[in-house]
Structures are given as structure tokens and as C-alpha cells.
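Me: I would like to go through some labels used for a protein structure. Please set each value against its definition.

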Amino acid sequence: MCSACGFPSLPGHWTDAGALHPGSRLRLRFTRLAIINRLLAPYRLTAHDDGATPGLQLMAPGGERVLVADLEALWMEAARLAGTPIDPLSVRALGDE
């Protein structure tokens, strides 16, 4: 579907609150992606959202890529790729070390 048809789909997760229109849903996705990438940076991981594919791509420095459906899956896969548990609210993730 295209943005005229309502893509991306209507909000369903609490993190989508306030995004009522296609443009605001895309802005929200890209804003969330920027925050996620800041939290993943200390672990040398990055996430990518092309705005069209459901979910996110999670990438490790060695080139491994994993498609994750939601934020819960993202943190689980990020911990696996990093080889250590990742707490997005930790001092390390927040960059306060």
C-alpha cells in the first residue's frame, strides 16, 4: 500500500501513540529509529527502517543482518548479536559512561 492508502498501517503498539496519519506514522518510525540507533551505538549495532518493510533490520559490524518484527524482538536479537544483555535504559546505552 502507499501513503495515500494509509501505509504504514494504523498504530497498534503503544509506541505508535499520537500517529494518526500516514505522514506522522512515518515521522514517528524514523524518530524512533534515530533513538534506537543512539542506544545501539555503544554495542556497535545499527538498525535500519526503509519506511516500507514492516519491522526493522538489525545489523552487526561483521555484516550479519536480522529482520525483527518489533522492539521486543529488536532488544532480544541485539543482545544475541552483541553477546551481552542490552538494557536500553542502562548507563552504557544512554552514553553516560
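Reply: Arginine 44 is found in the loop between helix 1 (22–40) and strand 1. Helices (H or I, at least four residues) and strands (E, at least two) are DSSP runs, numbered from the N terminus. The model is predicted, so local features need pLDDT of at least 70 and side-chain atom pairs count only at pLDDT 80 or more, while totals for chains, interfaces and linings use all residues. Residues are numbered from 1 along each chain as its sequence is written, and side-chain values use heavy atoms, with hydrogens and water left out.

Me: Why is arginine 44 called exposed?

Reply: Buried means under 20% relative accessible area, exposed over 50%, and partly exposed in between (1.4 Å probe, protein chains only). Arginine 44 has 61% relative accessibility, so arginine 44 counts as exposed.

Me: Why is aspartate 49 called buried?

Reply: The relative accessible area of aspartate 49 is 7%, which is under 20%, so the residue is buried. Aspartate 49 lies in the loop between strand 1 (46–48) and strand 2 (56–59).

Me: What makes the pair of arginine 29 and aspartate 49 a salt bridge?

Reply: A salt bridge is a side-chain nitrogen of Lys or Arg within 4 Å of a carboxyl oxygen of Asp or Glu. The N to O distance between the side chains of arginine 29 and aspartate 49 is 2.7 Å, so the pair meets the definition. Arginine 29 lies in helix 1 and aspartate 49 in the loop between strand 1 and strand 2, so the pair ties together parts that are 20 residues apart in sequence. Both residues of this pair, arginine 29 and aspartate 49, are buried.

Me: How do you know that glutamate 64 and arginine 80 form a salt bridge?

Reply: Their closest N and O atoms are 3.0 Å apart, and the definition asks for within 4 Å, so the pair qualifies. Glutamate 64 is in the loop between strand 2 and strand 3 (65–68), and arginine 80 is in helix 2 (residues 71–82).

Me: What makes arginine 80 and glutamate 77 a salt bridge?

Reply: The closest N and O atoms of arginine 80 and glutamate 77 are 2.9 Å apart, so this pair also falls within 4 Å. Both residues, arginine 80 and glutamate 77, lie in helix 2, about one turn of the helix apart. Glu64, Glu77 and Arg80 are linked in a network of salt bridges.
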